[in-house]
Each structure stands twice: as structure tokens, then as C-alpha cells.
Amino acid sequence: MDYLPIFVNLKEQPCLVVGAGDVAARKIDCLARAGAKITVIAEQISPAVTTMQTTHTINVLQKTFTLEDLTSDFRLVVSATNDEATNRLVAKVAEQQKILVNVVDQPELCSFIFPAIIDRSPLIAAVSSGGAAPVLARLLRAKIESIIPPAYGKLTELASKFRKPVQQHIQHPKQRRIFWEQVLQGGIAELVFAGKTEQAEQQLQQKLAEQENTIPIGEVYLIGAGPGAADLLTFRALRLLQQADVVVYDRLVSPEILDLARRDSERIYVGKQRKHHTLPQESINTLLADLAKSGKRVARLKGGDPFIFGRGGEEIETLMQQGIHFQVVPGITAASGCATYAGIPLTHRDHAQSCTFVTGHLKNDTVHLNWTQLAAPNQTIVIYMGLVGIEKICQALIAHGSPENLPIALVQQGTTQHQRVIIGTLASLPAQIATLDITPPTLIIIGTVVSLHEKLHWFE
Ligand SMILES: C[S@@+](CC[C@H](N)C(=O)[O-])C[C@H]1O[C@@H](n2cnc3c(N)ncnc32)[C@H](O)[C@@H]1O
């Protein structure tokens, strides 16, 4: 982080604004809204600032700024003049006195910057690009404004009013968190948004009275994290991820997706790599159950879809046996994600009437698959975990009747910025990739649909 975002209490704190043009007026307004005691120094006072004197309590001094004006009484200073020398002087003196300084549009002279603000007081959100792209920050603010209705301020006030009583009534922090999540995302919040604050208060009171002080029961969310790109997660996956107390995740879950989890959640890596299992599957099953039994809400994040070569079934079987609540959230499986991002429609009707997902995992150095069935025409085959056995796979298909020139694609790190698609035929691909540096994960797609990549690829 280039800047630490903090919210400063400026109520009744002396602040200085040098300059009194339109830009200064905006900064004065901002400081005034935070309750600061504002002094303005400028040779010329714009009509905007003159008008402000009637609506805000500001001390306006019409004079040239001098060194002596910036005393250590001031908490912060803003310089918004057109005069480069004055701006530099203000920045220099402020720096010497260790007073926070902002020089408008000159980030190199600033020790703090103004963010773009979404004001739903007492709820405030601030967005900043650190001076790199103010317009982008403003666009983002507009987006956030559209999803935070003005009534969020009222909702925050309600939460603030009940904060102490809830703290006293519900001792267990985890139970308290769940209580608030239900209030702030459920019917009570809707009442506030509809302007029925009194009714919302009554319902909150009633809900609180009904709360019993018990350790909350944990649960598990088995979540498909998709093939890589974070914005391919489902809304439900995101919501549950942000509720979870613990995140148990695999190797294929990207750091961008983990970043979306609740900041204070515990993270447990149980990733699996070929021939290198960090935790055996049975231990993962037990871990999930034990975490839930200790009252935690556990997000079990798995690459792609949990039920496609993901051993999700085994995990929920254990949970079921032990009577633990859970839900499963489907994710975009690698076949779907990689094929789409590679411009290969898996079941294009001119090419394939079916599509089969198989694992190319080697057992005793051999790929065990129904080759006769897979070598039949008019179908697409998608092979997970097939890179190591690719030569054996191509040979077996040719031996069982597939044409040597049948198109085949190897998709590396599909849907991510590192995606690479290598196209060949059953006869050529193993040699093509032998000398390349291939980074897993990779997916293999076989069938004449692969030929469509040339025309339909759109992502790279
Ligand atoms: C253990 S399987 C898990 C599959 C996952 N449950 C799914 O639905 O995609 C892991 C294999 O999925 C494939 N895979 C997953 N993500 C991929 C990606 N982004 N690009 C290419 N292959 C991927 C690779 O073949 C990898 O070896």
C-alpha cells in the first residue's frame, strides 16, 4: 500500500485552507462536513467561498500566505492556490512542522490525499487510486454509490443504537456476528430501506429477546471456486466466502479468490499436487467436520466444481454421517471455463453430439479408460489431469481407430491472464509440447470442435 486509509476525527480541530477558489471551496465543504474549525487564507475570495461564510463557520483572512500563518496548532492544511511558489511553501512549512498537508493536484507535495467519498453517515466509504488515476477512483465511487442506497446511513444508526444491548445480551462473539449478519442482510434491513425504521427497531428488539446464549452450530460451505479468474465465482460463493470463519482451500484456488474471503478468517491450505498430498483426503474430511463441530462456519474452497473430479462427494458424505449442516455451491468446471476461453464450443452441433469428461490420471504408469468408446466419432473428449499421460492417451486413441489428424488442444491455466492454448493433432501434439515449458494446470480437449478455435478464439 502506498497510503494507509484511515478516518480522522476532525471535530473542532483547527485546519487551514490556503486559497479560496472553487477547488478550495470543495475542500472547505469537505472539512466542514467533518466538523473541522476552518481558517481560510487567500488574497482573493471567490463568490463560492463568500457564500460559504453564510452557511459554515469559517474564519476567512484576506491576505498573502506567510510562513508565520502555519502554526503547530493546525492538525492539517490544504493548499489550493494557482501559485506554484505558495503551494511549495505551504508544503515545506507543513512538512517541517509535521502537519498533514494536501496540495491539490500535486501528489508529490502531499503527505495525505483526499479520497473519493461515499457519504452515508455514519457509514462512510472512501476510494483512492493514490493520485494515480483520480477519474478511475471517481468512476468506482459512482459504482459503489449505486449499490449502497442512501438508507444505509439509517441502517448504520440502527446498528449503532443496538450495539451495546446486543453485546450485553449475546456473549459469544461468533453468535453475535451471525446475529448482525442476519439483521443487516435480512427483513429488518429491508424495513429500514423502506423507511419503516420504527417497525425495524421493534423487530430487532424482538429478535434479540429471542436469542439464547448458546455456542453457535457450525456448518460447511463446499464451494466451487471455478477455473481461476476470480470474477467467475457465483454470487452465492462470494456471499458465503465472506461469512466464513475459516477457509480450507486447495492448490488450484487463486490468491485473488482467497482475497475475497473475510479479512479476519483463518486460512488452512490442504492443497494437493501430483504425488504430493499436503493432507490425505480422509484427514481433510475429518478436519472439515471438526471445524464445524467447534462452531465455525467453514468455506471449503475447491478449484472448478466440487463434484467434478473434486472429491466433493466424499467430503459431504463424512459431514452427513456426523450430522453437520452443509451446502454445496457449484463452480465453473475447468472443461467449461477452458473451452469457453479457448473459443472451443464443446458441443457445436456440426461436430459433436456428446461430450465426455474423463481423468487422464496414471495408475501404474498407464491410463485406464474405455478407449473403444472414446475413439468413436462425433464426440468431444475433455481430459482432466492428462498432461503426464498425453503421449499414451494419443497413442491409445489412434490404436482404437481415431484418425491421426484428429484435432487436440492443450489449454494451460485456462481463463487466467496466463492462458495458453496449443493446438495439434493426435499424431503431432506430444512432440509439439515435449520441448515447451508447460505450467499446470492443463486440460486436454479432443475432437473436431477443436478446429473451431482458429475462427472463434477471442480471449488472448
Ligand atoms: C483435481 S482436478 C479438479 C477439477 C475441478 N474440480 C474442476 O471442476 O475443474 C484438477 C485438474 O483440473 C484441470 N484444471 C483445473 N483448472 C484448470 C485451469 N484453469 N486450466 C486448465 N486446467 C485446469 C487440470 O486438468 C487439473 O489437473
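Predicted model: local features only at pLDDT ≥ 70, side-chain atom pairs only at ≥ 80, totals over all residues.
Arg-33 is exposed, at 54% relative accessible area, whereas Asp-119 counts as partly exposed at 31%.

As a bit of background, side chains of opposite charge can pair when their charged atoms come close. Across the whole structure, a search turns up 15 salt bridges.

Let me show you another. Asp-245 and Arg-262 meet through their side chains, again 3.1 Å from N to O. Asp-245 sits in the loop between helix H9 and strand S9, and Arg-262 in the loop between helix H10 and strand S10, so this bridge ties together parts that are 17 residues apart in sequence. Are these two buried or exposed? Asp-245 is buried, with a relative accessible area of 7%, and Arg-262 is buried too, at 12%. Arg-262 also forms a salt bridge with Asp-264, where the closest N and O atoms are 2.8 Å apart. Through shared partners, Arg-177, Glu-181, Asp-245, Arg-262, Asp-264 and Arg-297 are joined into one network.

Now, over to the ligand. How many residues surround it? There are 18, and the closest are Pro-227, Ile-308, Thr-333, Ala-334 and Thr-442. By class, the shell has 11 nonpolar, 6 polar and 1 charged residues. Helix H13, residues 334–341, and strand S19, residues 442–446, each supply at least two residues of that shell.

Please zoom in on the backbone here. A backbone N or O atom of Pro-227 is 2.7 Å from a ligand nitrogen, and a polar backbone atom of Gly-303 is 3.0 Å from a nitrogen of the ligand. On the oxygen side, a ligand oxygen has a backbone N or O atom of Met-385 at 2.9 Å. The protein covers 89% of the 570 Å² of accessible area that the ligand has on its own.

Last stop, the surface. Met-1, Leu-4, Ile-6 and Val-8 make a nonpolar patch of about 490 Å². Val-8 lies in the segment before strand S1, residues 14–18, and counts as partly exposed at 42% relative accessibility.

Notes:
Residues numbered from 1 in each chain as written. Heavy atoms only, no water. Near = heavy atom within 4 Å. Polar contact = N/O pair within 3.5 Å; in protein donor to acceptor, adjacent residues only side chain to side chain. Areas by Shrake-Rupley, 256 points an atom, 1.4 Å probe, with all protein chains shown as cover. Helix = DSSP H or I, 4+ residues; strand = E, 2+ residues; numbered from the N terminus. Nonpolar A, V, L, I, M, F, W, Y, C, P; charged D, E, K, R; others polar. Patch = residues over 30% accessible without salt bridge, like charges linked within 9 Å, V, L, I, M, F, W, Y side chains within 5 Å. Salt bridge = Lys/Arg side-chain N within 4 Å of Asp/Glu carboxyl O. Buried < 20%, exposed > 50% of the residue type's maximum accessible area, 1.4 Å probe, protein only.
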